[in-house]
Amino acid sequence: MRLEIAPELQRPTGLGTTTSAELLVAEGDLLFDAGRYKEAAASFERAMQLGLARPHEAASKVARSYAKLGNRKQASRWTEIAELLDSPNWELRCEAFRPVSTRGASDRAT
């Protein structure tokens, strides 16, 4: 059995030196427009993992996808991430979301 992607959902051609992350965003846009919001969110999230010049835009698209799915909790979470990534000092603010190891503190206490 062979699966084929509908022509309107195929990856765009003629994009030149587009990165795979950018292709995933384009794919996500096509999936979103086709009403395939869960798959669109997955494409946008994967694009962010690969690295984008403007990750806040992809995070905003993930939020829109979850909103269309009716998942308000995830939509809100991704909206916050998009806002964080859009701030000028987002790398410093990301430190607040990293887990802190308590191992060193307990080792020093003994």
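A crossing of two helices is called left-handed if the near helix is turned anticlockwise from the far one by less than a right angle, and right-handed if it is turned clockwise. With that idea in hand, the crossing of α1 and α2 can be described as left-handed. The structure discussed here is a predicted model.

The protein chain holds six helices and zero strands, so its pattern along the sequence reads α-α-α-α-α-α. Of the 110 residues in the protein chain, 27% are buried. Among contacts in the protein chain with a separation of 6 or more, 37% are accounted for by residues 24 or more positions apart.

How, then, can a pair of helices be described? Two packed helices are described by the angle between their axes and the distance between the axes. For α1 and α2, the axes come within 8 Å and cross at roughly 165°. Angles over 145 degrees count as roughly antiparallel, and therefore α1 is roughly antiparallel to α2. On the α1 side, the contact is made by S20, A21, L24, V25, E27, G28, D29, L31 and F32. On the α2 side, these residues meet Y37, E39, A40, S43, F44, R46, A47 and L50.

E27 is found in helix α1, which covers residues 20-33. Is E27 buried or exposed? Its relative accessible area is 16%, and because buried means under 20%, E27 counts as buried. E27 and E39 are 12 residues apart in sequence, and their C-alpha atoms are 9.4 Å apart in space. The second residue, S43, lies in helix α2. S43 has a relative accessible area of 6%, so S43 is buried too. Which residues does S43 touch, leaving aside its neighbours within four places in sequence? The contacts of S43 are with L24, E27, G28 and L31.

The axes of α2 (residues 37-50) and α3 (residues 55-69) come within 9 Å and cross at roughly 160°. That angle makes α2 roughly antiparallel to α3. Here again the crossing is left-handed. From α2, the contact involves Y37, K38, A40, A41, F44, E45 and M48. From α3, the contributors are P55, A58, A59, K61, V62, S65, Y66, K68 and L69. The residues of this contact divide into 11 nonpolar, one polar and four charged.

H56 is found in helix α3. With a relative accessibility of 17%, H56 counts as buried. Leaving aside neighbours within four places in sequence, H56 is in contact with A82, L85 and D86. Helix α4 spans residues 72-86 and has 15 residues. From its first C-alpha to its last, α4 reaches 21 Å, close to the 21 Å expected at 1.5 Å a residue. Which residues of α4 are buried? They are A75, W78, A82, L84 and L85.

Notes: Residues are numbered from 1 along each chain as its sequence is written. This is a predicted model: local features need pLDDT of at least 70, side-chain atom pairs count only at pLDDT 80 or more; totals for chains, interfaces and linings use all residues. Side-chain values use heavy atoms; hydrogens and water are left out. Helices (H or I, at least four residues) and strands (E, at least two) are DSSP runs, numbered from the N terminus. The expected span of a helix is 1.5 Å times one less than its number of residues. Buried means under 20% relative accessible area, exposed over 50%, partly exposed in between (1.4 Å probe, protein chains only). Axes are lines fitted to C-alpha atoms, for helices over the stretch in contact, and angles run from 0 to 180 degrees between N-to-C directions. Angles under 35 degrees count as roughly parallel, over 145 as roughly antiparallel, 65 to 115 as roughly perpendicular and the rest as oblique. Contact means heavy atoms within 4.5 Å. Ala, Val, Leu, Ile, Met, Phe, Trp, Tyr, Cys and Pro count as nonpolar, Asp, Glu, Lys and Arg as charged, and the others, Gly among them, as polar.
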